[in-house]
Amino acid sequence: MSEAEVASFLEEERTVTCATIGPRGWPHLMPLWYVVRDSRQSGAGVLHAGAGAGAGADVGVGVGAGVGASADAGVGVGADAGVGVGASAGADAGERGAPGPQIWAWTYGVSQKVRNLERDRRASLQVEAGEQYQELRGVMFECDVLVHRDIDTVAALGREIFRRYASPRGEPPVDELPSEVAAMVDKQAAKRVALQFVERRRATWDHRKLAGVY
């Protein structure tokens with residue numbers, strides 16, 4: 001998929017699967033609601049993350065265009081099931097030039113995924129669609145994750161998420177939440193954290209482009 005195709009795909013879909021590294025070394029996969037933000041609007045700072053680095057108590061550093069340290073070549077790119085079909089297949093974030101969309105989600109601060117990220121900030125994300133083989137498409141991101149605990153940041157993200165999911169698929173987010181929903185979100189913010197997924201590398205696939213040739 002091209003950069004524009006990935007951005008459009010992320011706007012269309014509704015659930016991202018987040019894989020973190022569990023305490024016994026096994027991948028821990030959980031679904032999340034998410035929103036997509038322009039990474040250039042996240043601030044001017046650059047995250048230089050290393051494997052195993054803790055996420056910190058309240059990471060307020062912004063993320064800019066320089067994010068995109070290379071992952072191991074070939075990680076997440078396979079030949080099976082058409083993985084890697086598309087213009088951006090297997091590209092490091094830095095290799096693609098301009099920064100693209102960035103996924104944000106929220107979750108409970110005491111959740112297993114947050115405990116995992118406090119130990120090792122790496123995560124893989126996958127958004128996929130299609131049922132028939134010739135319709136399968138998706139994107140996988142290798143990310144470093146910033147965990148934000150500031151309650152205003154978390155509450156604002158929660159309201160943004162709920163505005164998105166208050167609209168039917170394919171429709172823009174609602175302009176305003178009902179007061180009772182906004183109050184519920186603000187109350188939940190005290191228990192939650194905001195997760196900012198900083199892309200390092202991606203792989204994409206779109207079997208519709210194979211034209212029946214496998």
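This is a predicted model: local features need pLDDT of at least 70, side-chain atom pairs count only at pLDDT 80 or more; totals for chains, interfaces and linings use all residues.
Reader: Which parts of the chain does the salt bridge between Glu3 and Arg202 tie together?
Author: The side chains of Glu3 and Arg202 meet at 3.4 Å, N to O. Glu3 is partly exposed at 24% relative accessible area, whereas Arg202 is buried at 1%. The two residues are 199 apart in sequence, so their pair ties together helix α1 and strand β7.

Reader: Which elements hold Arg37 and Glu160?
Author: Arg37 and Glu160 form a salt bridge whose closest N and O atoms are 2.6 Å apart. Arg37 is partly exposed, at 22% relative accessibility. The two residues are 123 apart and link distant parts of the chain, namely strand β3 and helix α3.

Reader: In what order do the seven strands form the open sheet?
Author: The pairing in the sheet is antiparallel; β4 and β7, for instance, pair over five bridges. Among these partners, Trp106 is bridged to Ala194 in β7. The edge strands, each pairing on one side only, are β2 and β3. The order is β2-β1-β5-β6-β7-β4-β3.

Reader: At about what angle does helix α3 run to β4?
Author: Helix α3 comprises residues 151-165 and lies across β3, β4, β6 and β7. Its angle to β4 is about 105°.

Definitions and conventions: Residues are numbered from 1 along each chain as its sequence is written. Side-chain values use heavy atoms; hydrogens and water are left out. Two strands pair if DSSP finds at least two bridges between them. Helices (H or I, at least four residues) and strands (E, at least two) are DSSP runs, numbered from the N terminus. Contact means heavy atoms within 4.5 Å. Axes are lines fitted to C-alpha atoms, for helices over the stretch in contact, and angles run from 0 to 180 degrees between N-to-C directions. A salt bridge is a side-chain nitrogen of Lys or Arg within 4 Å of a carboxyl oxygen of Asp or Glu. Buried means under 20% relative accessible area, exposed over 50%, partly exposed in between (1.4 Å probe, protein chains only).
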